[in-house]
Amino acid sequence: MRTQLSPDGSYANEAMTCSTLDITMPPEPHGGLTGSNEFILSASGKKIPAESRLDEVNQWCQRKAKSAFSRKMLYKRIPILRWLPNYNSTDAVGDLVAGITVGLTVIPQALAYSGIAGLPAAYGLYGSFLGCIVYIFLGSCKDVPMGPTAIAALLTGQTAKGSVGKSILLCLLTGIIELLMGLFGLGFLVDFVSGPVSSGFTSAVALIIVTSQIKDVLGISAKGATFVDMWSSIFQDIHNIRAWDTVLGITCIAVLLIMRIVAGLKVGPEDDDYKSKKHRIINKFMWLVGTSRNAILVVVCGAIGYVFQSSVSAPFKLIGDIPPGMPAFQAPPFSLDANETGHGRGEDFAEMVSSMGSGLIVVPLIALMENIAICKAFSNGKPVDATQELIAIGMANIANSFVQGFPGTGSLSRSAVNNASGVRTPMGNIYTGALVILSLLFFTPYFSYIPKATLAAIIIAAVVFMVEVKVVKPMWRTKKSDLVPGLGTFIACLALPLEMGILLGVGLNVVFILYHAARPKISVERLTSPGGTEYLIITPDRCLIFPSVDYVRNLVTKQSIRQSLPVVIDCSHVYGADFTAATVIDSLTQDFAKRNQPLFFYNLKPSVCAVFEGLSPVDFVVYYREEDLDELMRERAYKPKEVLSA
C-alpha cells in the first residue's frame, strides 16, 4: 500500500479509508484520528518546522519548571506539609508510644547489625538517629523507621569489606545514587526484580546472616565472603568451640522465640468487645514484653556479662568498649591512609569507589526494594510513590554519612512493631531517634558488657523468619517456571557474593522476559468470509519487535504454504513495532506477491501502520471491517486453489 502527503503537509494513511468509524466531517488524514505522541506535531496536526522546535522545547522547559515549584509539587515532595497542620494530641500519643517501642527494638538491633557489616558496634547506633529524623520531613509512609537493616548491613560488609571509611563513604554514595534515581524518576527499576527473584534473594540473605552469626554463638573465629566459605571456615575452627558462649547463645535464641510467641497470645474471649479490662491489660502487657524482647534480653545478659567480667577469666566474649557520646559531625572520608587499609598502602577516592564494584548499584536498589515492600505492606491499598521514597531514603543516607553511619533503609520487622504500636504519622521517628541519642550519651559504657552470643541470638531469631519457604508451594501451583529464577537467585546468592547473585537473578528474569517476547503465542484458524471464501487468520498476542518477528514470519510462511489460502494477520493485539519488524513485513509481502497469494492485515493500529509503511512494502493492504475482505479478494481476482497436503 502506498502513502502520500496531503496538501497541508500532514501524513495520510490510505488504509484508514476502510475504517469502521463513521466520519461525517470532510475527509481528514487517518479518518480524523490523531497519531501517537512519538512524532513532533503541532496542535493542527502539521509537522513542526525545524526553526520552531526550539521554541517548543523552551515552552516545555518552562512548563516543567513551573510545575516543579508549584504548591502541589511542594506538598508532594515534602509530605510533612500535608499532615503536620492536622496533627493533634491523639496523633502525638500514638507516635510517642510507637516511637519508644521501636527505639527499644532498634538499639539492640543496631548493635547487632554492626557486626554483620564487620564494623564496631557503635556504628550501628550512629546510623540510627539522624536519618530517621530526616525521614519525618520527606517520608511518605508513617510505618517506616529508617535505620540499619540485616540485608543492608550484609551488603555493606561484602562491599566495604569491613573498612570503616569505605562503609561511611558507601553510605554517602548510596544516598546520592538514591536521590538522583528519585529526581530522575527511576523508581521503576525495582520492577525488574520480580517476586520470585526477591524471595530467592531474601531467603539466601537470611541463611547467610544466620551462618555469619553461628561463629559468635559457638564462640569461635570464622570468616568468609560466601555461604560456602563461612561454613568451611566454621568447620575448620570447630575444635575451639566455647561451651559458655554456646549455652548462652542457644538459650537466648530459645527465649526470644518463646517471647515472640507470647507477643501473639491473647487471653479472654476472641471478640475484643467482650474482653474485660483485666484481659486487655494482660494482653497489652504480654504484647509489650514480647515486642521488647530484644531490649529485655540485652539488659539481662548485659548484667550477667558485667557480673562475670569482674571475675579473673570471663566465660563470655563481650562486644568490648563503645566510645561514649555522640559521633562527630563531619564529611565522610574521601581517602584512606596506609593504616586504614588491609594492604598497607593508602587509597584515594577513585580507588575506594572502584573497590566497591557493583555494590554501588546493588546496595541502593536493594534498599529501595526493602522500603517499597514495607510501604506496600502497610499502605492499605493506597498507591506507593517510589520516587518520593527514593528521595527520602537518599537524603536520610546522605545525612547518616555525616555522623559516621553505614547504609540503611526501612526495616520490615521494626515497621511491623511500629504499626502494631499504633503509629499515626512519621513523627514517631523523632522519639526513636531521641532514644538512640540518649543511649549514646548515657548508656554506651554499659553496652560493652553485652555478650556477643546474645547479639548473635537476636539476629538469628529475627532473620530466620525471612526464609520464604511458604512461597514455594503457591508458586508451584500458579506458574512452575517462576521457580527457575527464584531458585537460581537463591543458589547464586549462596555460592557467589550477594551483588553477583542478585544481578544473576535479575539477568535470569530478563532472559525469561525476552524469551516470552521472542516467542509470542500465535493462534491459527481456518475461517470462511461472509462471501464464502476460505482464508487463514493468524493472530499474534503481542507487539512485533526484533526478537519475535523471525519466529512470526516463519510460522506465517509455513502455514500459508501448507494451506495455500489467502492469509489474514489479525493485528488487534499488536500495539507496537520496530524497524526490524518493518523489514520482515516488507520481505513477507514480497514472498506472498511472488506466490500470487493474497496477504492482508486486519485492524492494524495507525502508529504501527506508519512504521510498516516506512519501507513502502509491496502490496501492503490493511482493512478494518470483516465484510471488506471479499471485496479485497475480488480486486485481486483471487480464485480458490486446491489445498496442498501437509
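A pocket is an open set of points on a 1 Å grid over the protein atoms alone, where a 1.4 Å probe fits, with protein on both sides within 12 Å along at least five of seven lines; its lining residues have an atom within 4 Å of a point. This is a predicted model, in which local features need pLDDT of at least 70 and side-chain atom pairs count only at pLDDT 80 or more, while totals for chains, interfaces and linings use all residues. Residues are numbered from 1 along each chain as its sequence is written, and side-chain values use heavy atoms, with hydrogens and water left out.

Q: Which residues lie nearest the centre of the second largest pocket, and how many line it?
A: The lining comprises 39 residues, with G115, I116, A117, G118 and K215 nearest the centre. The volume of this pocket is about 980 Å³, a volume being the space filled by probe spheres set on the points, which are joined across faces, edges and corners.

Q: What does the largest pocket have as its volume, and how many residues line it?
A: Its volume is about 1300 Å³, and 45 residues line it, including F465 and M466 among those nearest the centre. The lining divides into 26 nonpolar, 11 polar and eight charged residues.

Q: What makes the contact between K166 and E347 a salt bridge?
A: A salt bridge requires a side-chain nitrogen of Lys or Arg within 4 Å of a carboxyl oxygen of Asp or Glu. The closest N and O atoms of K166 and E347 are 3.3 Å apart, so the pair qualifies. K166 and E347 are both buried (under 20% relative accessible area, against over 50% for exposed and in between for partly exposed, with a 1.4 Å probe and protein chains only).

Q: Why is E534 called partly exposed?
A: Its relative accessible area is 35%, so E534 counts as partly exposed. E534 forms a salt bridge with R526 at 3.2 Å, N to O, and R526 is also partly exposed, at 40% relative accessibility.

Q: Why is R553 classed as partly exposed?
A: R553 has 25% relative accessibility and therefore counts as partly exposed. Its salt-bridge partner is D591, with the closest N and O atoms 3.1 Å apart; D591 is partly exposed at 22%.

Conventions: Nonpolar A, V, L, I, M, F, W, Y, C, P; charged D, E, K, R; others polar.
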